[in-house]
Amino acid sequence: MNLTQKILSDHLLSGELTPGTEISIRIDQTLTQDSTGTMAYLQFEAMGIDRVRTKKSVAYIDHNTLQTGFENADDHQFIQSVAKKHGIYCSKPGNGICHQVHLERFGVPGMTLLGSDSHTPTCGGLGMLAIGAGGLDVAVAMGGGAYYLSCPKVVGVELTGRLPYGVAAKDVILEVLRRLTVKGGMGKVMEYIGEGVKTLSVPERATIANMGAELGATTSIFPADEITRDFLRAQQRERDFTPLCADADAVYDEVIHIDLSALVPLVARPHMPDEVVTVEECGPIKVDQVFIGSCTNSSYTDMMRVARILKGKTVHPDVSLVIGPGSKQVLTMLARNGALADMLGAGARILESACGPCIGMGQSPKSGAVSVRTNNRNFYGRSGTRSAGIYLVSCETAAITALTGVLTDPRSLNIDLDIPQPETFEINDNLVIPPVAAGQENTVDVVRGPNIKPFPMGRTLPDDVSGQVLLKMEDNITTDHIAPSDAKLLPFRSNVPYLADFCLTPVDATFPARAKAAGGGILVAGANYGQGSSREHAALVPLYLGVRAVVAKSFARIHQANLINNGILPLTFADEADYDRIAPGDELILPALRPLVECGSEAFILRNLTRQEDYTVLMPLTDRQRGCILCGGLLNYTREGL
């Protein structure tokens, strides 16, 4: 067996490990962050379960940390109090980015981790099977419920050789994206194997696993070996180590070969993470801003390499350099060893340990800017400035670029970039608040601010579903398009009625008003609809506006699950040419839909009343998913089951 199959087998609750069939697995750990967590905990409360039933659940506050009004602070207090009451550990603002902190303090090889953030696979760098999901899936898992997913294929990514000077782990995953594209990992787990794995540290492995989300992959995973043991020992957690690897005769559905020694510095150009070329090919373009940080590249070793490059030098006068260490642990160690002073001395602006610029939470670049960043996504407008071009690179490339003012190949450096892992990391978990003991739940009052509003509930599936085409969209529409998330909107993540006024406005500014006037309707989209963030709001906000169905060429995994979880029909064209036959404003109907779903049909007639045409659309569902759709969503289905 390969490593993925071993962990799935150990946690399998139903189904068989046959790719494409539905399985359910037991979840050991969960994580949430404040952008998605507020809704997840409201959903958890709605299930009426007093205490989480996982081995460990952690609530992180790392996204909405700019407190420009009462909203974020209120949400933080809600999360901290609801976590304390229901058996969840709470990582307070300032403790760090969820994926970096979980890697440092909580991740355990061989365990399953379900997180309400698409970059949860970061902990695959430790040998966890870590999967991103919607908040409702995480809420169900916290309540002891199974997590259901389509059994993935397993791709063996065989690494050989060793990274040459100036080439980083970020370049490895950019190379994979260059080859496979943002759709190439759909329905797959990327399992890293080969002698080259032994040359990569845990933080480097985590960088690669983190950005595997951009492939559309279910997750990514590395073996747990002596390098993993050394990392956990340095974190004073050697007790959590278990050696894990694939069998010598393991079989993979596909195998990709990457010679690490042949890689060169790469860059993803705007506006997709798979628009990858070499730094040399991209050329010495003038740069206005550099951001170093995010959950992809904010580890201690990342930051130390940056400090080495900046030491004794000055940032180019035309460049704004901002650096966000990934955790309090990292920031404290930089402060103690003098590296932070080297960064400050060069002219860097130091941000708190949080997500920040990656999600448009501050540090938006100027109009028309070129911003070079170490984060994982460069979707149009995600930085908060629609006219800006975001380029994704390694920390080494970003640091030298900040000094030269133009995109620069770091192989031109003549600096020792070999950063050994500390024998012992700084351990101080005083910003992690433990829950009350079992049986003491009634001693905690949950704090709810006025910005926390009820979330919309799906309705029982009617016999017929009809409506006009409210919007027709192209390929690769992201959840950033569907539910925009920036510094102005993030404080309203617990207020779906407010967010509804911004739904799909990056595509069409008139959409919310038109959807309300029409009383809802149907969306039509191209391929890979809903890629990117796991945010459940991309289903909740359309649900609030009355959207009952999305007809697309294909869906991103997490978003498709979120639609089903909220009772919205995810339909695909049997013949993609039919996409071209539908126009905005057309009146569509799915006749006799409920009885067809009840009897297990997977193909349905979509009738275009405006054009007097019929199309075949597909909605293959498992028995459980069918129950969710019939009940109007997973929450209704779960409560009915309880």
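This is a predicted model: local features need pLDDT of at least 70, side-chain atom pairs count only at pLDDT 80 or more; totals for chains, interfaces and linings use all residues.
## The six-stranded sheet

Let's start with the sheet that has mixed pairing: six strands form an open arrangement in the order β7-β6-β3-β4-β5-β20. Its edges are β7 (129-132) and β20 (432-433), and since each has a single partner strand, one side of each is left without a neighbour in the sheet.

Inside this sheet, strand β3 (residues 29-33) runs parallel to strand β6 (residues 112-115), and three bridges hold the pairing.

How many of the residues of helix α5 (residues 135-142) are buried? Eight of the eight are, so the helix is largely enclosed by the rest of the structure. The buried residues are Gly135, Leu136, Asp137, Val138, Ala139, Val140, Ala141 and Met142. After α5 comes Gly144, which has a positive phi, near 95 degrees.

## The four-stranded parallel sheet

A second open sheet has four strands, in the order β11-β10-β9-β12, and here the pairing is parallel. The edge strands, each pairing on one side only, are β11 (219-221) and β12 (254-259). From one strand to the next, the twist averages 20 degrees.

Strand β9 (residues 153-160) and strand β10 (residues 188-193) are joined in the parallel sense by six bridges. Within that pair, Lys153 stands opposite Lys188 in β10. Helix α6 (residues 169-180) packs on this sheet and touches β9, β10 and β12, with its direction making about 130 degrees with that of β12.

## Antiparallel pairings

Some other strands are paired in the antiparallel sense, and β2 takes part in two such pairings. Strand β1 (residues 12-14) is joined to strand β2 (residues 22-25) by two bridges, and the two run antiparallel. Here Leu12 stands opposite Ile25 in β2. Four bridges then connect β2 to strand β8 (residues 147-150), again antiparallel, and Ser24 has Tyr148 of β8 as its bridge partner.

Strand β21 (residues 465-472) runs antiparallel to strand β25 (residues 587-590), with four bridges between them. In this pairing, the bridge partner of Gln468 is Glu587 in β25. β25 is also linked by two bridges to strand β26 (residues 603-608), in an antiparallel arrangement. There, Leu588 stands opposite Asn608 in β26.

Now for a helix pair. The axes of helix α11 (residues 328-337) and helix α12 (residues 339-346) come within 4 Å and cross at roughly 85 degrees. That angle makes α11 roughly perpendicular to α12.

Which residues make the contact? From α11 they are Leu331, Leu334, Ala335 and Asn337, and from α12 they are Ala339, Leu340 and Met343. Sorted by class, the contact of α11 with α12 has six nonpolar residues, one polar residue and no charged residues.

Is Ser299 buried or exposed? With a relative accessible area of 4%, Ser299 is buried, as the cut-off for that class is under 20%. You will find Ser299 in the loop between β15 (289-292) and α10 (300-310). Its side chain makes a polar contact of 3.2 Å with the side chain of Thr301. Not counting residues up to four places away in sequence, Ser299 touches Gln100, Pro203 and Val330.

Arg626 sits in helix α20 (residues 623-631). What is the burial class of Arg626? Because its relative accessibility is 11%, Arg626 counts as buried. The side chains of Arg626 and Asp623 are joined by a polar contact of 2.8 Å. Leaving aside its neighbours within four places in sequence, Arg626 is in contact with Val597, Glu598, Gly600 and Leu621.

Key:
Residues are numbered from 1 along each chain as its sequence is written. Side-chain values use heavy atoms; hydrogens and water are left out. Buried means under 20% relative accessible area, exposed over 50%, partly exposed in between (1.4 Å probe, protein chains only). A polar contact is a pair of N or O atoms within 3.5 Å; within protein, one must be able to donate a hydrogen and the other to accept it, and residues adjacent in sequence count only if both atoms are side-chain atoms. Contact means heavy atoms within 4.5 Å. Axes are lines fitted to C-alpha atoms, for helices over the stretch in contact, and angles run from 0 to 180 degrees between N-to-C directions. Angles under 35 degrees count as roughly parallel, over 145 as roughly antiparallel, 65 to 115 as roughly perpendicular and the rest as oblique. Ala, Val, Leu, Ile, Met, Phe, Trp, Tyr, Cys and Pro count as nonpolar, Asp, Glu, Lys and Arg as charged, and the others, Gly among them, as polar. Two strands pair if DSSP finds at least two bridges between them.
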